[in-house]
Amino acid sequence: NDRVTGAHAEEAPELPKLAGDAAATKIAELQAELEAIKQSHEAVVDKLNAKVDALQAENETQKCEMKGLNSALQWAYAVEEIPR
């Protein structure tokens, strides 16, 4: 079993220096691109979270207004005798 593993390790060709440098360059480029995408994504998420917060605040305001309007309607349509 050790002989098989050793044989495979010896047979694996080494990458030429140029290919290794090109791979390292490509990796660095991709890491930079990934970082830029992460930052862009974070900015978009922050913007969307701000919109969600604003919509939730607007929703709460409208719910309060609706409660007030419902109370006013209930009062207006309440069947009570008006003292004379």
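A salt bridge here is a side-chain nitrogen of Lys or Arg within 4 Å of a carboxyl oxygen of Asp or Glu. By this rule, the count for the chain comes to one. This is a predicted model, in which local features need pLDDT of at least 70, side-chain atom pairs count only at pLDDT 80 or more, and totals for chains, interfaces and linings use all residues. Residues are numbered from 1 along each chain as its sequence is written, and side-chain values use heavy atoms, with hydrogens and water left out.

Start with the overall picture. The chain has two helices and zero strands (DSSP runs numbered from the N terminus: H or I, at least four residues, for helices; E, at least two, for strands). Of its 84 residues, 0% are buried (under 20% relative accessible area, 1.4 Å probe, protein chains only).

Now the pair. K63 bridges to E60, with the closest N and O atoms 3.2 Å apart. Both residues sit in helix α2 (residues 17-77), three residues apart, about one turn of the helix. Side chains of opposite charge can pair when their charged atoms come close.

Key:
Buried < 20%, exposed > 50% of the residue type's maximum accessible area, 1.4 Å probe, protein only.
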